[in-house]
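This report goes through one protein structure part by part. It is written for a reader who has not seen it before.

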Amino acid sequence: HTEGQRLAAMIEQVMLFAATRDEHRSYHPQPVRVSQTIDSAVAELSPLMSANGFTVEKEVAPDLPPVLADPKELGRCLQNLMTNALKYGADGRWMSIRAHPGSGAEAEEVLITVQDRGQGIEPEEIPHIFEPFYRGSMARASQIHGTGLGLSLAKEAAEAMGGKLTVISSPGEGSSFTLHFPAAR
């Protein structure tokens, strides 16, 4: 059953990758409540998190404004990041999902961060992790299954909706991926 789900997810990612190459792919940004998107993504991946013994900490700032995004694609971006935290953060068995308003230069944004305490990413590989089919050396050495498409798809979708995806990571300490989306006022 698990392998079937993994194969279905892999096929879906390849199909999405092919669709992103189609210049007619469109997104439908609208005000989206981040808390509901996070709740849906956590519920969707809950069986996988439970099966892998993960602790999930969720923190959504009170009175968080909605973001301007395509609801389905925002959910898909978030699930990609959470799935990566499950795969690459397996040793830590912990994931944090935080959503809060930006500050300073990011004052008009809402930041959604997925963090793990896993293997992290080598500094020289960080510029490449958003490239299609790229898999880091630690992922290959650990024989972690994947296509190398999830981060590429998440970044492309975020940017197509007027947002962005950033990362902070240290080998052996885990990774923190942040979706930045404009607040819908």
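## A strand residue and its surroundings

Val167 is part of strand 6, residues 164-170; helices (H or I, at least four residues) and strands (E, at least two) are DSSP runs, numbered from the N terminus. With a relative accessible area of 17%, Val167 is buried. Buried means under 20% relative accessible area, exposed over 50%, and partly exposed in between, with a 1.4 Å probe and protein chains only. Leaving aside neighbours within four places in sequence, Val167 is in contact with Ile121, Ile126, Ile129, Phe130, Ser176 and Phe177, where contact means heavy atoms within 4.5 Å.

## Basis of the model

This is a predicted model, in which local features need pLDDT of at least 70, side-chain atom pairs count only at pLDDT 80 or more, and totals for chains, interfaces and linings use all residues. Residues are numbered from 1 along each chain as its sequence is written, and side-chain values use heavy atoms, with hydrogens and water left out.

## The protein as a whole

The protein has five helices and seven strands. From the N terminus on, their order is α-β-α-β-β-α-β-β-α-α-β-β. There are 185 residues, of which 44% count as buried. Of the contacts between residues at least 6 apart in sequence, 71% join residues at least 24 apart.

## Aromatic rings and charges

How many aromatic pairs does a search of the whole structure find? The search finds one. Phe130 and Phe177 form this pair, which is edge-to-face, at 6.4 Å centre to centre and with 90° between the planes. Rings of Phe, Tyr and Trp (its six-membered ring) pair if their centres lie within 6.5 Å; planes under 30 degrees apart count as stacked, over 60 as edge-to-face and the rest as tilted. Phe130 lies in the loop between strand 5 (109-116) and helix 4 (137-141), and Phe177 in strand 7 (residues 174-182), so the pair ties together parts that are 47 residues apart in sequence. Phe130 counts as buried at 16% relative accessibility, and Phe177 is buried at 7%.

Lys155 lies over the face of Phe130, at 5.9 Å from the ring centre. The charged end of Arg117 sits over the ring of Trp94, 3.7 Å from its centre. A charge sits over a ring if NZ of Lys or CZ of Arg is within 6 Å of the ring centre and within 35 degrees of the ring normal.

Thr37 lies in helix 2, residues 34-51, and is buried at a relative accessible area of 11%. A polar atom of the Thr37 side chain lies 3.2 Å from the backbone oxygen of Arg33. Apart from neighbours within four places in sequence, Thr37 is in contact with Val32, Leu74, Gly75 and Leu78.

Among the buried residues of helix 3 are Leu74, Gly75 and Leu78. The 18 residues of helix 3 (residues 71-88) should span 26 Å at 1.5 Å a residue, and the end C-alpha atoms are 26 Å apart, which agrees. The expected span is 1.5 Å times one less than the number of residues. At the start of helix 3, a side-chain oxygen of Asp70 comes within 3.1 Å of the backbone nitrogen of Lys72.

Tyr27 lies in the loop between helix 1 (2-20) and strand 1 (30-32) and is buried, with a relative accessible area of 17%. Not counting residues up to four places away in sequence, Tyr27 touches Asp70, Glu73, Ala157, Ala160 and Met161. The C-alpha atoms of Tyr27 and Ala157 are separated by 8.4 Å, although these residues are 130 residues apart along the chain. Ala157 is among the buried residues of helix 5 (residues 150-160). Just after helix 5, Gly162 takes a positive phi of about 90°.

Asp63 lies in the loop between strand 2 (55-60) and strand 3 (67-69). Asp63 is exposed, with a relative accessible area of 79%, and its phi is near 60°, a positive value in a residue other than glycine. Most residues other than glycine have a negative phi.

Technical notes
Polar contact = N/O pair within 3.5 Å; in protein donor to acceptor, adjacent residues only side chain to side chain.
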